[in-house]
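Subject: Structure handover

Hi,

Here is the structure we talked about. Please look it over, then read the notes below.

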Amino acid sequence: MSANGTSAFVPAPASPYQGDIARYWDQEARPVNLRLGDVDGLYHHHYGIGEVDHAALGDPGDGQYEKRLIAELHRLESAQAEVLLDHLGSIGRDDTLMDAGCGRGGSMVMAHQRFGCTVQGVTLSAKQADFANQRANELGIESHVHARVCNMLDTPFETGQAAGSWNNESSMYVDLHDLFAEHSRVLAVGGRYVTITGCWNPRYGQPSKWVSQINAHFECNIHSRREYLRAMADNRLVPQTVIDLTAATLPYWELRATSSLVTGIEEAFINSYKDGSFQYLLIAADRV
Ligand SMILES: C[S@@+](CC[C@H](N)C(=O)[O-])C[C@H]1O[C@@H](n2cnc3c(N)ncnc32)[C@H](O)[C@@H]1O
Ligand SMILES: CC(C)=CCC/C(C)=C/COP(=O)(O)OP(=O)(O)O
Ligand SMILES: [Mg+2]
């Protein structure tokens, strides 16, 4: 890490795919992410949950509506991170958390603000790591919140170092057995793992065309719900809570589809959630 906190050393990606994903996120600058993060300096790359506050949206014709809509979409995305943090259990100021696939670091900041703990984030994108570290510096929390360029499947953290760890919409870029083997190593015995993820529904049969569209849009590989539970069981992670957040995320998508910030992927999410082929889940598991 160079003096100005930038990620000077960028390790070679473990695979050509990871090199592509690193480039994808290094180049990403979608207004739907930057404009929402500009609301309060928490930059997310995940989706929202909860009821839309229509009173807060106000009159669509008063010239300030788009600004209020952006604030409401951001509020729902931050609410999603709060729900993830709710399931990490009791985390103390001396604990360490790992954010696997940390993006621009919004969830890391929220975790430190809630628990006072250390939060270590990993991302394939040097641009995201630099952005997250710059935000931590601006907030004066760089001693506790740090992002690095690193493969979440092969982190530098000590065995048993973390009291908690999570994947917030980042598990669809890796093999789940490899992923949960690393979380199981880094987590202390009795530690808590949480993920919020989209997964295809085995009841539908195979990934639907909508799920395939989402995979193509993000160059990711959405797993089935069955794979999550099987890979956790094989890696000493015992699910303690499974919550279907599909109904809770639809209002966010239906509001987003009316905004000027649409990216074109909204239809695939809305249709796949409605036809039952795709689910939005929270899974919290204990490292045993
Ligand atoms: C959709 S973003 C989610 C970011 C963050 N969790 C959030 O909620 O804002 C996916 C993230 O996963 C990261 N990622 C994907 N594959 C990874 C890998 N093998 N190792 C580390 N990070 C990875 C990407 O760099 C990106 O930061
Ligand atoms: C639930 C699933 C399958 C998510 C895939 C991972 C992903 C790209 C999440 C959102 O990132 P983003 O906030 O950068 O995307 P967008 O530009 O659409 O807001
Ligand atoms: Mg987004």
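**Ligand 1**

Helix 1 gives the most to the shell around ligand 1, with three residues. Helices here are DSSP runs of H or I with at least four residues, strands are E runs of at least two, and both are numbered from the N terminus. Helix 1 (16–27) and strand 2 (118–123) each supply at least two residues of that shell.

Before the rest, the ground rules. This is a predicted model: local features need pLDDT of at least 70, side-chain atom pairs count only at pLDDT 80 or more, and totals for chains, interfaces and linings use all residues. Residues are numbered from 1 along each chain as its sequence is written, chains are lettered from A and ligands numbered from 1 in the order in which they are written, and side-chain values use heavy atoms, with hydrogens and water left out.

Ligand 1 is surrounded by 21 residues, where near means a heavy atom within 4 Å. The closest are His45, His46, Gly101, Gln128 and Asn168. By class, the shell has nine nonpolar, 11 polar and one charged residues. Nonpolar covers Ala, Val, Leu, Ile, Met, Phe, Trp, Tyr, Cys and Pro; charged covers Asp, Glu, Lys and Arg; the others, Gly among them, are polar.

Now the polar contacts (pairs of N or O atoms within 3.5 Å). A ligand 1 nitrogen is 2.7 Å from a polar backbone atom of Gly101. A ligand 1 oxygen is 3.3 Å from a polar backbone atom of Leu124. An oxygen of ligand 1 also lies 2.6 Å from an N or O atom in the Gln128 side chain. The protein covers 98% of the 600 Å² of accessible area that ligand 1 has on its own (Shrake-Rupley method, 1.4 Å probe).

**Ligand 2**

For ligand 2, 16 residues form the surroundings. The closest are Arg30, Asn33, His45, Tyr47 and Arg256. The shell has nine nonpolar, four polar and three charged residues.

**Aromatic pairs**

The count comes to 13 aromatic pairs. Rings of Phe, Tyr and Trp (its six-membered ring) pair if their centres lie within 6.5 Å; planes under 30 degrees apart are stacked, over 60 edge-to-face, the rest tilted. Tyr47 and Tyr252 form a tilted pair, 6.0 Å centre to centre with 45° between the planes. The two are 205 residues apart, with Tyr252 in helix 10 (residues 246–256).

Best wishes

Definitions and conventions:
Polar contact = N/O pair within 3.5 Å; in protein donor to acceptor, adjacent residues only side chain to side chain.
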